[in-house]
Amino acid sequence: MNAIDFINSITLQTALPIYVVNGEDVVLRQKVVEKLQSLIAEDYKTFNSIVFESVSSLDEIYNALQQLPVFSDKIMVIVKELVKYNDNDKKFLEQYYKNPNPMCVLVVVDAESAIKAKNIEYVDCSKLSTGSLVSYLTNFFNKRNVAIEQKAIEKIVLFCDNNLQKINNEAEKLCLFTNNITCEIVDNNITPDINNSIFAFTNALADKNNDEALAILQVLLQRGESEGFILALISAQYRKMFYCATSNQENDDIAKAIGVSPKAVYVVKKIANKYSVKALKFIMDKMYEVELGFKSGEYVVSTALVIAISNIIVANRR
């Protein structure tokens, strides 16, 4: 279940025995945990909400899972970080699921999405879609009685690369600045990162959301980014994806090899995993042909960009 649907629907009475909160959006993960903790009455939270900041093995929480709630339907046991998930932890979860404490809700936050076990409810805290974030921001500003143009909301989402943490920070700053936000105010107060936009663009293509990808491209062009520069960044992104998909190195070593941060490797890998290696190789070969045609004067840069994007869309259908 995606995080927003989960937050809007979960109650203490309907809560299942085990939840794994995964995905890269740290703000969403935090909001899910906060929502779960809010289900416990404040007066009895000391007794009914047990939080482990970090554990090296799920065996460490066994005793907590056997406790009974005090003046509450259920007790909440939250593990904010499982240092390294292994086969013993998998067995622990699967065995616990067979005979759980019916008055206990176990929540494990798993940022790396490593936990794979049967019969577990996953709460997906991956980056939200553009549409979901636009709705989120609309509610955000409505609650604060701040007027904002629809296009301005869309710009905030794009400029922040669908990153909820950055979106929250920028939205809070804009609310302090004015109670009537226009596109011009967004343009003057939020600095977009073209690399983030390219991440968002390639991710949209990987998800076969071509309309969203083309909308991102349109904004980049409207911002004055050159078609040649955009083409070069798209090509470089797919080279990084191909490297990640075919490398057996650790993330730190991959980061050094492709010139990005270890955190960025996680994002690149996530997008790359949406393709087969064969499809990525096809895109790489076609990118080389397009760049060669552009540099040799066979086509102008605008044509080269259209052909490159068309080839990526074709690869998605293979």
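Mentor: Cys244 counts as buried, at 6% relative accessibility. Keep in mind that this model is predicted.

Trainee: Why is Cys244 called buried?

Mentor: Buried means under 20% relative accessible area. Cys244 has 6%, so Cys244 is buried.

Trainee: What makes Cys104 buried?

Mentor: The cut-off again. Cys104 has a relative accessible area of 2%. That is under 20%, so Cys104 is buried.

Trainee: How do you know that Cys104 is too far from Cys125 for a bond?

Mentor: A disulfide needs two cysteine sulfur atoms within 2.5 Å. The closest cysteine sulfur to that of Cys104 is in Cys125, 20 Å away.

Trainee: How many disulfides does the rule give?

Mentor: The count is 0 disulfides.

Trainee: Now the loops. Where does Asn145 lie?

Mentor: Asn145 sits in the loop between helix H6 (130-143) and strand E6 (147-148). Its phi is positive, near 55°, and Asn145 is a residue other than glycine.

Trainee: Why is Asn145 called exposed?

Mentor: Exposed means over 50% relative accessible area. Asn145 has 69%, so Asn145 is exposed.

Trainee: What is the phi of Lys208, and where does Lys208 lie?

Mentor: Phi of Lys208 is positive, about 65°, although Lys208 is not a glycine. Lys208 lies in the loop between helix H10 (194-206) and helix H11 (210-222).

Trainee: What makes Lys208 exposed?

Mentor: Lys208 has 56% relative accessibility. The cut-off is over 50%, so Lys208 counts as exposed.

Conventions
Residues numbered from 1 in each chain as written. Predicted model: local features only at pLDDT ≥ 70, side-chain atom pairs only at ≥ 80, totals over all residues. Heavy atoms only, no water. Buried < 20%, exposed > 50% of the residue type's maximum accessible area, 1.4 Å probe, protein only. Helix = DSSP H or I, 4+ residues; strand = E, 2+ residues; numbered from the N terminus.
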